[in-house]
Structure formats: structure tokens, C-alpha cells
Amino acid sequence: MILIDTAKPKQQLILTLSEKVTVNEPEYLLAFTGDATNDTYQITLSDKLSLSNSRYDLFTVDTSLFNGIPAGFYTYQVYQKANSIIETGKLLIQIKEAEPEIISPIRSEEYLIYKP
């Protein structure tokens with residue numbers, strides 16, 4: 001499962017793509033469909049950090065690409081250049097809300113007063 005935390009400016013994705021690629025110089029496309037809404041979104045995976053053909057591929061994704069996409073669970077597919085799916089799985093977009101400000105109460109001799 002991929003977790004996208006939009007509170008962070010960049011997110012690293014670890015995928016296993018190189019071992020399944022069938023074309024030279026693949027261009028990866030991450031497509032995901034909302035489980036609740038069936039809305040589909042696409043993001044190009046271009047910032048690959050792992051250069052060797054190791055066990056995994058490491059990508060850096062700017063989380064601003066997920067602005068405007070509702071939080072929730074998605075099913076994702078990663079396509080290679082030849083439009084064939086090479087990986088599928090689940091994706092969770094998590095949008096952190098700002099923490100509410102906690103205001104300490106003011107005590108008087110007769111009343112306990114809370115400021116808004």
C-alpha cells in the first residue's frame with residue numbers, strides 16, 4: 001500500500017517496476033481510481049532515485065500533485081511506456097487538518113470562563 005501524506009512537501013514511493021519492464025527506457029505512469037467515487041487521476045513518475053536494477057525502484061513525488069484530489073482509498077496501476085500494467089495495488093491519500101488551538105481557561109473567583 002502506498003500512503004500519500006499531503007502534509008509533507010515531497011513523498012518517496014518504493015515500487016517494484018524494473019523487474020517487470022518489457023521495453024527499453026520505460027516512462028512510468030501512475031493511474032489511480034477512487035474506491036468510493038470511481039474518479040480516475042494520473043501522475044507521471046519521473047524522479048527515479050534508484051539507478052541500478054535492484055529489488056525496488058525509488059521515486060520522489062511532489063505532494064502538491066495531489067491537491068484537489070479527495071482523501072481516501074484508491075486502486076492504483078503503474079503503466080510502462082507501452083501502455084501495459086506492470087504493478088497494481090492500493091493507495092491512501094491522507095489530508096491532515098490543522099490542529100485546533102487549545103485555549104487555557106481563565107479562572108475568576110466565581111466563574112470558570114473559556115475564551116473562544
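Predicted model: local features only at pLDDT ≥ 70, side-chain atom pairs only at ≥ 80, totals over all residues.
Select residues 28–34, which form strand 3, together with residues 72–79, which form strand 6, and you will have a pair that runs antiparallel and is joined by 6 bridges. Within this pair, pick out F32 and look across to strand 6, where Y76 stands opposite.

Next, turn to the side chains, where a search of the whole structure finds 2 salt bridges. For one of them, select E87 and K20, whose side chains meet at 3.7 Å, N to O. Because E87 lies in strand 7 while K20 lies in the loop between strand 2 (10–15) and strand 3, the pair ties together parts that are 67 residues apart in sequence. Is E87 buried or exposed? With a relative accessibility of 9%, E87 counts as buried, because the cut-off for buried is under 20%, whereas K20 is partly exposed, at 33%.

For another salt bridge, select K90 and D35, whose side chains meet at 2.4 Å, N to O. K90 lies in strand 7 and D35 in the loop between strand 3 and strand 4 (40–45), so this pair ties together parts that are 55 residues apart in sequence. If you color these residues by accessibility, K90 counts as partly exposed at 31%, and D35 also counts as partly exposed, at 39%.

Terms used
Residues numbered from 1 in each chain as written. Heavy atoms only, no water. Pairing = 2+ DSSP bridges. Helix = DSSP H or I, 4+ residues; strand = E, 2+ residues; numbered from the N terminus. Salt bridge = Lys/Arg side-chain N within 4 Å of Asp/Glu carboxyl O. Buried < 20%, exposed > 50% of the residue type's maximum accessible area, 1.4 Å probe, protein only.
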